[in-house]
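Biologist: I should like to go through this structure with you, one region at a time. May we begin with the terms you use for accessibility?

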Amino acid sequence: MTPKELGYYMPAEWATHKATWLSYPHNEDSWPGKIETIFPSYHIFIKTLAEAEDVHINVQNEAMRQHVAQALEVIGTDMNRIFFHLFPTNDAWCRDHGPAYLLNRDNPGQHAIVNWNHNAWGGKYPFELDTQIPVHIYNCLHQSDPDLKLFEPGIVMEGGSIDVNGVGDLLTTTSCLLNPNRNPHLNQQQIEGYLRDYYGVDNIIWLGEGIMGDDTDGHVDDLSRFISEDTIITAVEEDSWDENYEVLQKNLKKLNSCRLANGKQPTIVELPMPDMVFYENQRLPASYANFYIANDKVIFPTYRCLSDNEAAYILEACFPDREIIGIDSTDIVWGLGSFHCLSQQIPQ
């Protein structure tokens, strides 16, 4: 039987978390020439998360564990909520190489992990360590939850390529999931079958292309996100000369004509794009949509521009029960991702 048939589903990100998992950045090839500049913001991200929930961090070795622990202590992080694991990785993007964690509608005490295959966004980078992370996390969590199940679909899937509302709907993009560098042996209908079976959803909303600079072939977490069961926030570029303008307008049009599993049209909230961010003449995928919903706060990337304030006001209206915290991601996004890409939630 499939996870869905057994009652399993992936809850929305705003559901209560047991913890957040991270993979500590170490790959200089991901931030060539400036990896050291990302750590002040990254450490603030960890400290902020630890104010709301436990934080589990994959590190390469004991020396890295000691170094990171010292750096976090210096800035006043609640170390009682920090847990290190000697699970080496190729890179830091735990959203994509981490597991999908499922709850069970029929038996609330039963949980499961989905171990999707990871091929580094179509074989663009090394991934032999990253693809082992879900099983490492499963083995770790299984010690305290012996009934935890492990499902292995056997196909490539990345956490940043989908977003769910926990009541049957899933957002994704054709540019990513239908890209032949992921699962060339599967057509759209077959991929939808996997999404329904392993995320426990009924309705799939397909968007089109991703934003400029995104090496994931169009992850949806830079574009559009569920912020409630019936509301989607979506990035919109106001400058018609910008390369992202037409792409985001097309996605907005799709959202305005889509329907949810309950047959209703979702409420659409527009989120501005930041000013363009370049490094070494390369445009980076800077987007406010790459926010992370923690237990009592929403952490969103800022880019040292006036739009940061507008994005904060919009998110405050969307999440009145959570503190909205902006953290500078101008250097982090040189790695072609931000806070949502770096994190993976474990729901309660």
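Modeller: A residue is called buried when its relative accessible area is under 20%, and exposed when that value is over 50%. The structure before us is a predicted model.

Biologist: What is the relative accessibility of Ile299, and in which strand is Ile299 found?

Modeller: Ile299 counts as buried because its relative accessibility is 0%. The residue is found in strand β17, residues 297-302.

Biologist: Which residues is Ile299 in contact with, leaving aside its neighbours within four places in sequence?

Modeller: In sequence, Ile299 and Glu323 are 24 residues apart, yet their C-alpha atoms are 8.4 Å apart in space. With neighbours within four places left aside, the contacts of Ile299 are Phe45, Thr48, Leu49, Phe291, Tyr292, Ile325, Ile327 and Phe339.

Biologist: Asp96 is buried yet has no salt bridge. With which side chain does the side chain of Asp96 make a polar contact?

Modeller: Asp96 has its place in helix α3, residues 94-97. Its nearest side chain of opposite charge, Arg95, is 6.2 Å away, whereas a salt bridge requires the charged atoms to be within 4 Å. The side chain of Asp96 does make a polar contact, at 2.8 Å, with the side chain of Trp121.

Biologist: Which residues is Asp96 in contact with, beyond its neighbours within four places in sequence?

Modeller: Trp121, the polar partner of Asp96, is one of them.

Biologist: Is Trp121 buried or exposed, and what is its phi?

Modeller: Trp121 lies in helix α4, residues 120-123. With a relative accessibility of 5%, Trp121 counts as buried. Although Trp121 is not a glycine, its phi is positive, at about 60°.

Biologist: Asp217 also has a positive phi without being a glycine. What is the relative accessible area of Asp217?

Modeller: The phi of Asp217 is near 70°. Asp217 is placed in the loop between β10 (203-207) and β11 (224-228). The residue is described as partly exposed because its relative accessible area is 21%.

Biologist: Why do the buried residues of α7 lie on the same side of the helix?

Modeller: The buried residues of α7 are Ile191, Glu192, Leu195, Tyr198 and Tyr199. They lie on the same side of α7 because the arc they cover around the axis is only 150°.

Biologist: Which residue caps the N-terminal end of α7, and which residue follows the helix?

Modeller: Helix α7 (residues 188-199) has 12 residues and should span 16 Å, which agrees with the 16 Å between its end C-alpha atoms. At the N-terminal end, a side-chain oxygen lies 3.1 Å from the backbone nitrogen of Gln189, and the capping residue is Asn187. After α7 comes a residue with a positive phi near 70°, Gly200.

Biologist: What arc do the buried residues of α8 cover, and which strands do they pack against?

Modeller: The buried residues of α8 are Asn244, Val247, Leu248, Asn251, Leu252 and Leu255. They are placed on the same side of α8 because their arc around the axis is only 135°. These buried residues pack against β9 (169-173), β10, β11, β12 (231-236), β13 (267-272) and β15 (282-283).

Biologist: Which exposed residues are carried by the face of α8 turned away from its buried side?

Modeller: An α-helix has 3.6 residues a turn, so residues three or four places apart point the same way. The exposed residues on the face of α8 turned away from the buried side are Glu246, Lys250, Lys253 and Ser257.

Note on methods: Residues numbered from 1 in each chain as written. Predicted model: local features only at pLDDT ≥ 70, side-chain atom pairs only at ≥ 80, totals over all residues. Heavy atoms only, no water. Helix = DSSP H or I, 4+ residues; strand = E, 2+ residues; numbered from the N terminus. Buried < 20%, exposed > 50% of the residue type's maximum accessible area, 1.4 Å probe, protein only. Lys, Arg positive; Asp, Glu negative; His and termini not counted. Polar contact = N/O pair within 3.5 Å; in protein donor to acceptor, adjacent residues only side chain to side chain. Contact = heavy atoms within 4.5 Å. Expected span 1.5 Å × (residues − 1). Arc of directions from axis to C-beta.
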